[in-house]
Amino acid sequence: MHLYDFAKNLVLEAGNNIRKWMHEDLEIVAKSNPNDLVTNVDKAVETFIVNQIEAQYPNHKIIGEEGHGHHIDSTEGIVWVIDPIDGTLNFIHQRQNFAISVGIFKDGKPYAGFVYDVMRDILYHAKSSHGAYKNETPLPLLPSTQLKESIVGLNPNWLTKPKMGEILQPIIQEARTARAYGSAALEIVYVATGLLDAYVTPRLHPWDYAGGLIILQEVGGKGTNFLGEPLSITHHSTVLIGNAAIHEDIFMRHLQPKAQELQTLQQRFK
Ligand code: IPD
Ligand code: CA
Ligand code: CA
């Protein structure tokens, strides 16, 4: 089977598993802090996906949030970047508004992206240079929007952080309004489908954005770090996502002038 079809079927099957497993008692454990939670389902889904890939493609590299390949820093060959459940707090509290995110890269270049909104049964997917889809419907190229007429995705917790909050506040003040959905992968595909115009966040891991980024690029959107550099698939980063026009606008007027301060802050968020 073709790699793209294999990955698509795998993501859909993993989603089926989540819908089955979520009705059993959840085991919830805190990771870095009491609000950074993981469940037995997150772990089981990652194991399921990794086992299937390893059985079919033993030479592929796999980076997964729940413990796979965290030492990997070479992008040579085929690299899968997986978040088994993006939006775990939504999964625990709401049993909805979470996604499986999978990005596949060949020698560091985007090959395919999948973001599966499990409870709505919507698969956003894209193969590089072949366009992006919401289920079977092709996604159109993104229009250009201006910040003052836009909806920006941002987790409001960031506005409470002393220095980063000061950098982000003027962006939100200028925008029409802000929204937070609690799943970076969904927020990125919401930019790719035009529900949001931009998404701004000071710290994400590659598994949060790898799948969404490829879908976004296929509709002409842009994703970089706050310094305008390409997003890494092996290291965490600040993240600015948008249609091409608003990305340029936010970067040039709000972030680039503060590049020095941002360099220092990036170190602090490491
Ligand atoms: C989180 C979600 C959330 C974002 C966090 C991520 P997780 O991923 O994407 O929206 O604000 O930074 O860590 O932990 O639910 O996979
Ligand atoms: Ca995540
Ligand atoms: Ca996760």
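# Close-up views of a predicted model

View 1. The lining of the largest pocket draws on both domain 1 (3–138) and domain 2 (147–268), with at least three residues from each. The structure shown is a predicted model. The pocket holds about 1,200 Å³ of space. Its lining counts 34 residues. Nearest the centre of the pocket lie Asn 35, Asp 36, Leu 89, Asn 155 and Arg 203. By class, the lining splits into 12 nonpolar, 12 polar and 10 charged residues.

**View 2. Helices and strands supply part of the pocket lining.** Five elements each give at least two residues to the lining of the largest pocket: β4 (78–86), α3 (88–94), α5 (184–192), β12 (198–204) and α6 (206–218). Which element gives the most? It is β12, with four residues.

View 3. The kink in α6 is about 30° and is centred on Gly 212. The helix has 13 residues, which at 1.5 Å a residue should span 18 Å. The C-alpha atoms at its ends are 18 Å apart, so the two values agree. Of the 13 residues, 12 are buried. Among them are Trp 207, Asp 208, Tyr 209 and Glu 218. After the helix comes Gly 220, with a positive phi near 85°.

**View 4. Helix α5 is covered along its residues.** How many of the nine residues of α5 are buried? The count is nine of nine. The buried residues include Ala 184, Leu 186, Glu 187, Tyr 190 and Ala 192. Just after α5, Gly 194 takes a positive phi of about 85°. Helix α5 also supplies at least two residues to the lining of the largest pocket.

**View 5. Leu 37 lies 7.0 Å from Leu 89, C-alpha to C-alpha.** Leu 37 sits in strand β2 (residues 37–39). Along the sequence, 52 residues separate Leu 37 from Leu 89. Leu 89 is one of the residues nearest the centre of the largest pocket. Is Leu 37 buried or exposed? Its relative accessible area is 18%, so Leu 37 counts as buried, the cut-off being under 20%.

**View 6. Gln 169 is partly exposed on helix α4.** Gln 169 belongs to α4 (residues 162–174). Its relative accessibility is 37%, so Gln 169 counts as partly exposed. That value falls between the 20% and 50% cut-offs. Trp 158 is 11 residues away along the chain. The C-alpha atoms of Gln 169 and Trp 158 are separated by 9.4 Å.

**View 7. Asn 97 and Ser 129 have positive phi without being glycine.** Asn 97 has a phi near 60°. Ser 129 has a phi of about 70°. Where do these residues sit? Asn 97 is in the loop between α3 and β5 (99–106). Ser 129 is in the loop between β7 (122–127) and β8 (132–134). Asn 97 is buried, with a relative accessible area of 18%, whereas Ser 129 is exposed, with 67%.

How values were computed:
Residues are numbered from 1 along each chain as its sequence is written. Chains are lettered from A and ligands numbered from 1 in the order in which they are written. This is a predicted model: local features need pLDDT of at least 70, side-chain atom pairs count only at pLDDT 80 or more; totals for chains, interfaces and linings use all residues. Side-chain values use heavy atoms; hydrogens and water are left out. On a 1 Å grid over the protein atoms alone, a cavity is a set of points where a 1.4 Å probe fits but cannot get out, and a pocket is an open set with protein on both sides within 12 Å along at least five of seven lines; lining residues have an atom within 4 Å of a point. Grid points are joined across faces, edges and corners, and a volume is the space filled by probe spheres set on the points. Ala, Val, Leu, Ile, Met, Phe, Trp, Tyr, Cys and Pro count as nonpolar, Asp, Glu, Lys and Arg as charged, and the others, Gly among them, as polar. Domain bounds come from an automatic or database domain assignment. The expected span of a helix is 1.5 Å times one less than its number of residues. The bend at a residue is the angle between axes fitted to the seven residues ending there and the seven starting there. Buried means under 20% relative accessible area, exposed over 50%, partly exposed in between (1.4 Å probe, protein chains only).
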